[in-house]
Amino acid sequence: MSTDDHALIGAWALDAVDPDERDRIQGHLDSCASCAQEADEMRETVARLADSTHADPPMRLRATVLARVHHTRQEAPATRAPEPERPDTRAARSRAARLSQRRGPRPAMGHRRLRLALGAAGLAVAAAFAGVFATWSLLPRTAPTESDRVSAVLAAPDAEVAFTGAEGGGSVTVISSAGLDQAVVVVSGLPDTGADRAYQVWAVEGATPVSAGVMNPGDSSATMLIDGTSGIEVIAVTEEPAGGSPTPTLPLVADVPLDA
Amino acid sequence: MFEQGAHTHRREDRPHLSAVSGIDPDTPESLLHRAALGDEDAFAMLYDRTAPRVYGLCLRIVRDPAQAEEVVQEAMVEVWRTATRFDERRGSAKAWITTIAHRKAVDRVRSAQAAGDRERRVAAESVEVEYDQVAEAAEGRLEHRQVRRCLKTLTELQRQAVTLAYYGGHTYGQVATLLDAPVPTVKSRIRDGLIKLRDCLEAAR
């Protein structure tokens, strides 16, 4: 082991090294058990620094994460049984695996449909949705009761979640309840449009797309409630000039099919 | 030494949702193990426990709420994907998850820097409010007070180096530039600072 690499364990534990050093230190730790233990302790200490950063995440994040998890295959456990490795601390994994980890998991692309139990926990934080509605320039109804109605959709026993990754990043999630005849559309992290463009959401019934709402210019995330979902086959998102268009401009940024 | 076990479990994040608090004796470690066996309900509970921590950390580092959400998505899916590789003997579930999230956030910030990201500069104007909210949400937590108190035991240079690296997402070389200090000095101050922090947090248990 080189003294130089060992001196970097602190910086490594803080993720304050460049990728080459990261690989080198992981190799070092792999060959030095006592160093690996020191590194584990450093990581444990460093993680405490996050104790001071708690913040309430948006409700839509939970639904999106759980929807993605449902379609993500888990890694096989480490084959060398007595030493299950810990991500980011072992060089034992293949370079290819490391690379794929650095890139992060592929977002589930294409159309996904699944049932998802949105239970009491979801209901409890649905109030967090209230602020989100300010981001919409056009709302199908007046604002005050939106939050309650979104909560009702999320808590509906027949709530179904459809999720699609958008070309270029971000995702669109639709949580719909046939019983309530309503759906919540969650647009998350789409590419930046610039201030003179905006995303527009469409409800497609048969061959006819009807505008469901236009996001504020430049916004890449938003949440909205759609009434009268029976008959809607697809929820689609397009990029339009600020203020929206009477008909969608192709190509679609994302489309989420719903079961009629 | 950091010993794992009851202490860690007692200090776990309080469930953030009143609807699930008090009815669930599971530790993050046991939830992670169940998630590793494909139990999505266990993962959902783990998400509820850890998401405020993970989101708050990502928000602190990337600053832009929309990007923070994306990073949390990536991190939590990674937690699910690699739950099979978690080893309780080597550290707590909370630290393991935090490590994954921090790495993702830092990678995002560095790639954004490389791309000369313009969106972040625009978003910076609206950041202060979010930042206050973050601080407020964390206020009053015992763990937070311990960390803050222990950070004060570090020398000024140690504290600045550690916090610029961790919350700022900077490399130690960048930290040296920011502090106008020699790179080897920063490298060793970071390590010394973390050792002091570790000993202080250990003593606070």
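Student: What makes strand 2 (residues 160-165) of chain A and strand 3 (residues 171-177) of chain A a pair?

Tutor: Two strands pair if DSSP finds at least two bridges between them. Strand 2 and strand 3 of chain A are joined by six bridges in the antiparallel sense, so they meet the condition of at least two. A:Val161, for instance, has A:Ile175 of strand 3 of chain A as its bridge partner. Five residues lie between the strands of this hairpin, in which A:Gly168 takes a positive phi near 90 degrees.

The model is predicted: local features require pLDDT of at least 70 and side-chain atom pairs pLDDT 80 or more, whereas totals for chains, interfaces and linings use all residues. Residues are numbered from 1 along each chain as its sequence is written, with chains lettered from A and ligands numbered from 1 in the order in which they are written.

Student: How many helices and strands does chain A have, and what counts as one?

Tutor: Chain A has eight helices and nine strands.

Student: Which strands pair with strand 5 (residues 197-205) of chain A?

Tutor: Strand 8 (residues 234-241) of chain A pairs with strand 5 of chain A over eight antiparallel bridges, and A:Trp202 has A:Ala236 as its partner there. Strand 6 (residues 208-214) of chain A runs antiparallel to strand 5 of chain A and is joined to it by six bridges; A:Val214 stands opposite A:Gln200. The hairpin of strands 5 and 6 of chain A has two residues between the strands, and A:Gly206 takes a positive phi near 60 degrees in it.

Student: Why is strand 5 of chain A called mostly covered?

Tutor: Seven of its nine residues are buried. A residue is buried if 20 or more other C-beta atoms lie within 10 Å of its own, exposed if 12 or fewer, and partly exposed in between, with C-beta atoms placed from the backbone.

Student: Where around helix 3 of chain A do its buried residues lie?

Tutor: The buried residues are A:Arg22, A:Ile25, A:His28 and A:Leu29.

Student: What makes a nonpolar core, and which residues touch the most other members of the largest one?

Tutor: A nonpolar core is a set of buried Ala, Val, Leu, Ile, Met, Phe, Trp, Tyr and Cys residues joined through C-beta atoms within 7 Å. The largest has 114 residues, of which A:Val185, A:Ile235, B:Val54, B:Cys58, B:Ala165 and B:Ile190 touch the most other members. Helix 3 (residues 40-62) of chain B contributes the largest share of this core, 13 residues.

Student: How many residues of each chain are in contact with the other?

Tutor: Contact requires C-beta atoms, placed from the backbone, within 7 Å. On this basis 75 residues of chain B are in contact with 62 residues of chain A. Helix 3 of chain B gives the most to the side of chain B that touches chain A, with 13 residues.

Note on methods
Helices (H or I, at least four residues) and strands (E, at least two) are DSSP runs, numbered from the N terminus. Two residues are in contact if their C-beta atoms, placed from the backbone, lie within 7 Å.
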